[in-house]
Amino acid sequence: MVDYPIIVIGGGHAGIEAALASARLKVPTLLIAINLDNVGWTPCNPAIGGPGKAQLVKEIDALGGEMALLTDKTFTQIRMLNTSRGPAVRSLRSQIDRILYHREAKNALERTPQLSLLQGEVVDTSLVKKGRKKPIFRVTLRDGRNYLSQAVVLATGTYLKGVGRISSYSYPSGRGMEPPANYLSDSLRKLGLKLRRFNTGTTPRIDGRTIDREEMAIQPGEAGLKFSSLSPPVTREQLPSYLTYTTLETHQVVRDHLHLTASRSTDMVKVGPRYCPSIEEKMVWFPEKERHPVFLEPEGFTTVEYYVQGMNISLPAEIQLKILRTVPGMKKVEIIRPGYAIDYDLLDSLQLQPTLMVKNVPGFFAAGQVNGTTGYEEAAAQGIIAGINSALFVMGEEGFALKRDEAYIGVLVDDLTTKGVEEPYRMLTSRVEYRLSLRQDNADLRLTPLGRKLRLVSDERYKLYAKKVKEIEEIIAFLKGKRKKETSLYDYLKRPEVSLWKGGYSPAGVKERDILAISFTELLKYSPEVLEEVNTRVKYEGYISRENKRMADFREMENLLIPDLSEDTVIQGLSSLGAAMLKSRKPKSIGEFLRMPGVSPQDGLVLLDRIRKRKQL
Amino acid sequence: MIVSPDEDTISAISTPIGIGAMGIVRVSGPRALAIGARVLGKNLSKLEAKKAFYGFVRNPETGNLIDEVVFLIYHAPNSYTGEDMLEIFTHGGLVAPREVLGVLLRNGARLAERGEFARRGFLNNKMDLVKAQGIIDVVDARSQKALFTSVYRLKGEASETVVSLKKKLEHILISLEATVDFPEEVDEEEKVVTDLYRVAKEMETLLKGMETSRRLRQGLKVVIIGKTNVGKSSLYNALLQEERAIVTPFPGTTRDVLESQLEYEGYPVLIYDTAGIRTSSDEIETISISRTRQAVKGADLVLLVIDGSIPLEEEDEEFFYDLKEKGGLVILNKIDLPEKIDRKIILSYGFPLMETSALKGWGIENILKKVVEMAFLSNIDLMLTDREANYLEEVLKHIRGAVENLNTLDIVGHHLREGVSQLRKILGEEPILNLTEEIFKNFCVGK
Ligand SMILES: Cc1cc2nc3c(=O)[nH]c(=O)nc-3n(C[C@H](O)[C@H](O)[C@H](O)COP(=O)(O)OP(=O)(O)OC[C@H]3O[C@@H](n4cnc5c(N)ncnc54)[C@H](O)[C@@H]3O)c2cc1C
Ligand SMILES: Nc1nc2c(ncn2[C@@H]2O[C@H](COP(=O)(O)OP(=O)(O)OP(=O)(O)O)[C@@H](O)[C@H]2O)c(=O)[nH]1
Ligand SMILES: [Mg+2]
């Protein structure tokens, strides 16, 4: 007998969603974290959402996850980005209160039946009993306590052999001033896992009482927005953030001290996220730029601390101060916590299946930054997938994976597991092939039925979904049945100057709008979300149906399955790269095989031929 | 893409271009028979498979005859590709197979990729890989060779224009993607819009080049016009060095449009003789006139023939509208006779004027030289193969699509992605640009 069928190691965004999902699927789950007072911590930017990430949050929500609800309960500010650039790239972005978010996250865990919490550092995970279906793991804490489980979800973030660094000063750290997990890496190697090392960094936090807001541009939030359809409307007052810019003087000071940066003055690995360069890197990579934006974002309702977005830095603290003081509005600024870099162990994500189970260790799952991503949303998205699959594994059911044509989550997981990552991976809308179809506004329509089938979606959420579907059909039938200017209202709506309702966002440049809801008041009984959804669907119909055709092509390739080829020692005609990929990564389908680096269409044909011949034998 | 998606019906010419007395155009895919039925005007599904039938390919919109053909149908899976197939045997030469292919493409088929018939055959279990590969290799070799041994001297460096267009589009796309993915740090929206407009403008040049290249592939359409009895048919015969058209001293001799093909220094030219237009109530003549109008509509260039031995009439002058619209030359004919015409009036229209005597064969070669110069040599920097032209047309559609949707960047992004991937195909590159990589290379983004 095991103590808990599922043990989740980690209480970050990945661990939270994983444990909630498996417990909600009614499999008793234990979540272990080094410090339960830091569950759901946001060690970097106190922000959730933005392009690529907002879509993830909405998808997690649609599947029955928690992140959107936590965000709605705790944001200090929310805005819609890319408003006039089209629904496919429109993205919510919020800033959250760090402390409140943690509190709500912990509370969500505590409210969930079947979910237990435990504080402690895991130092070992080993297989007591091997097995494809029913393995048994022993999870050992530093003080020697042991727990047996059938499945493990590893969600340890940046903690594995984490080293914090400010210039040449370094200290063992999971993040901030928390202790790292120094023992687990070796135990993972014993399980047969391949590890690697990345770095990342964060900015200083400053005292909001020492800045001059007059010299900065103010960025207020917007009313009436939220992430989850389940959240009640949010009416609380929002906090503004502020925008200022670096100056030539800032750049000079940074340049004068470049040699002191952590990656130059120590042996720290240099595999950091490029989309989030440190101010030092900005000087080297973009020397021609005369200024860089700096955003000051409040860390919460009850603190004076501000996060200095754009100033990711690992120079000595006194130089950080010198640099900040060259920025308009910050002449007298005081730093509360200096910025730092951190490097840490992680898993090579190519070892994972699309269910986030490790290929060679049945029952062992991994999610979050430990798989090579960065970002809370990316972590949470993997968390819910790993949580669902650990539960399905324990119940002896078929795994659940999303595909590139179904969700941003599908793209994220597929990139991790078929392409692999060479630097911390962040979600972006430009990574998504079927961007016009996979929007934040239709995440529920795409995924809630799947979540329902998994039994993860509550009745309440499912009712909202069913209502939305019904109303969309009603409105479309209405539009097709009414006529205006010799066409149906449906076709009339396709014109750029026409829109269904007065709210929402109109495309740039259109001044005079014909708003259908004004003359057809029966439309006013529907909610803005539903009207906006229909608006997009009608206007983008042609594009979406073309995209659907490409999606069908894609699925056809995914459905050409590759059987176990292990007895074929050599497949004649495969390129050497193709053969290597086939052997080491064991793709499940021709489509997956073709996406692997170095594999040519020719390799796809050869393999298909081989599979056919085997079938004929 | 190695698998044929549903509904995806392909077509291509299966005989070497411009060689042989016969052309074969193949269509394969679920809609092969439906598309065939449209252009052949016959229900094909009821016909017996693998048996030759006689028929006419017409443009289904206009009813115009394109070619007289023999065709065979095949039902899936009993065909070369394992799909429904149609094989059309057309007249040989340059024009007929292309026009037949053209009408198929306009009615729902898509131009097959290189070796796609063989690949489909392979995927549908109709042949093994070795055989499929062999066929693909041959197809590759043939199109390579076709490029170099083609009757026309193609200038191989088409790609320079294509490469530069691709670079520009990629750049715009990267700016766009950086803007939508990092809206707080990057705002290149204005630049995207202005650059797109600029590219759309440059497209005009490209279009001209494509036009030239189409002419090279299909023949330049030159239509002879003018009032009755000025010597149009005589000129037609002189250009062809053959007595094709009937010539009489009576006005109104030519009643229908005549077409012939000739080559001048390797450039293909299609010459059309037309009925002289004059005001009349005769019914046959009204029909003739409408045929003439149609020929003029399809012309690349017109030759306006004027009789120099009589004074200029209003009827002559009306033809200058066509000349203005289509471009071309004024041919002052019958210069062997005493001149009665006021040249100043003709010259005042500002078109090049060439003197001929169709009767004596004077000045004929000069006309051809001038025509080729005007049509081909001015735009020679972009010579494309069919395949390239086809992709490029797609690209242009996407640029237009992008420009028409400037107020929604997500749609612009869609068109640019598609356009760039077509261009990359023309150049034989991986169809997908790694956008993320490019954004990080080009923009300073992130906290
Ligand atoms: C310095 C820094 C800068 C960052 N910058 C950014 C940024 O700019 N933008 C961005 O989007 N993201 C940034 N991130 C990343 C973001 O914080 C993470 O991607 C996200 O929090 C990862 O979530 P997670 O659940 O995977 O892990 P974490 O949130 O790191 O949580 C890990 C959890 O595992 C527990 N744990 C670890 N080891 C053990 C063990 N052995 N036993 C028991 N419990 C254990 C910890 O207690 C913790 O609860 C940064 C992170 C850091 C540290
Ligand atoms: N002297 C002389 N006679 C010419 C010349 N070209 C044509 N003719 C004569 O002009 C008459 C009409 O010539 P066609 O070629 O039939 O003229 P057309 O323009 O085709 O006339 P329609 O078909 O009736 O419109 C014939 O008698 C020709 O021989 C020329 O260059 N010199
Ligand atoms: Mg004549």
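This is a predicted model: local features need pLDDT of at least 70, side-chain atom pairs count only at pLDDT 80 or more; totals for chains, interfaces and linings use all residues.
**The magnesium site**

Begin with the magnesium ion, listed as ligand 3. Its coordinating atoms are OG of B:Ser233 and OG1 of B:Thr254, at 1.9 to 2.1 Å. B:Ser233 belongs to helix 7 (residues 232-240) of chain B, while B:Thr254 is in the loop between helix 7 and strand 8 (258-264) of that chain, so the pair ties together parts that are 21 residues apart in sequence. Both B:Ser233 and B:Thr254 are buried.

**A contact between the chains**

Select A:Arg85 and B:Glu189 next. Their side chains form a salt bridge, with an N to O distance of 2.6 Å. This pair crosses between chains: A:Arg85 is in the loop between strand 4 (75-81) and strand 5 (91-96) of chain A, and B:Glu189 is in helix 6 (residues 189-218) of chain B. Are the two partners buried or exposed? A:Arg85 has a relative accessible area of 8% and is therefore buried. B:Glu189, at 16% relative accessibility, also counts as buried, because the limit for that class is under 20%.

**Salt bridges within one chain**

Over all chains, the count of salt bridges comes to 67. In chain A, select A:Arg142 together with A:Glu121; the closest N and O atoms of this salt bridge are 2.9 Å apart. The pair links distant parts of the chain, 21 residues apart: A:Arg142 is in the loop between strand 8 and strand 9 (146-149), and A:Glu121 is in the loop between strand 6 (115-119) and strand 7. The two partners fall into separate accessibility classes: A:Arg142 is exposed at 52% relative accessibility, whereas A:Glu121 is buried at 10%.

Move to chain B and select B:Arg244 and B:Glu242. Here the closest N and O atoms of the salt bridge are 3.0 Å apart. B:Arg244 is partly exposed, with a relative accessible area of 42%, and B:Glu242 is partly exposed as well, with 39%. For a further view of such contacts, return to chain A, where salt bridges with shared partners join A:Arg404, A:Asp414, A:Asp415, A:Lys419, A:Glu433, A:Glu558 and A:Arg595 into one network.

**Two surface patches**

Which residues form the positive surface patch? Select A:Lys129, A:Arg132, A:Lys133 and A:Lys134 to display this patch. Within this group, A:Arg132 is located in the loop between strand 7 (122-129) and strand 8 (136-141) of chain A. The relative accessibility of A:Arg132 is 74%, so this residue counts as exposed.

On chain B, a nonpolar surface patch can be shown by selecting B:Tyr54, B:Phe56, B:Leu65 and B:Val70, which together make a patch of about 360 Å². Strand 3 (53-58) and strand 4 of chain B are the elements that give two or more residues to the nonpolar patch. B:Val70 is situated in strand 4 and is partly exposed, with a relative accessible area of 32%.

**Backbone features**

Start with B:Ala76 and B:Pro77, whose connecting peptide bond is cis, with omega near 0°. B:Pro77 is in the loop between strand 4 (65-74) and strand 5 (85-91) of chain B.

Next, select A:Lys161. Although A:Lys161 is not a glycine, its phi is positive, at about 50°. A:Lys161 is placed in the loop between strand 10 (151-154) and strand 11 (163-166) of chain A, and its relative accessibility of 27% makes it partly exposed.

Then select B:Lys334, a residue other than glycine with a positive phi, near 60°. B:Lys334 is in the loop between strand 11 (328-333) and helix 11 (343-348) of chain B. At 22% relative accessibility, B:Lys334 counts as partly exposed.

**A buried residue in chain A**

With a relative accessible area of 1%, A:Phe198 is buried.

Key:
Residues are numbered from 1 along each chain as its sequence is written. Chains are lettered from A and ligands numbered from 1 in the order in which they are written. Side-chain values use heavy atoms; hydrogens and water are left out. Donors are N, O and S atoms within 2.8 Å of the metal (3.2 Å for Na, K and Ca); water is not among the atoms, so sites may look incomplete. Helices (H or I, at least four residues) and strands (E, at least two) are DSSP runs, numbered from the N terminus. Buried means under 20% relative accessible area, exposed over 50%, partly exposed in between (1.4 Å probe, protein chains only). Patches are made of residues with over 30% relative accessible area and no salt bridge: like charges are joined within 9 Å, nonpolar side chains (Val, Leu, Ile, Met, Phe, Trp, Tyr) within 5 Å. Accessible areas come from the Shrake-Rupley method with a 1.4 Å probe; for residues, only the protein chains shown count as cover. A salt bridge is a side-chain nitrogen of Lys or Arg within 4 Å of a carboxyl oxygen of Asp or Glu. Lys and Arg count as positive and Asp and Glu as negative; His and the chain ends are not counted. The place of a charge is taken as NZ of Lys, CZ of Arg, CG of Asp or CD of Glu.
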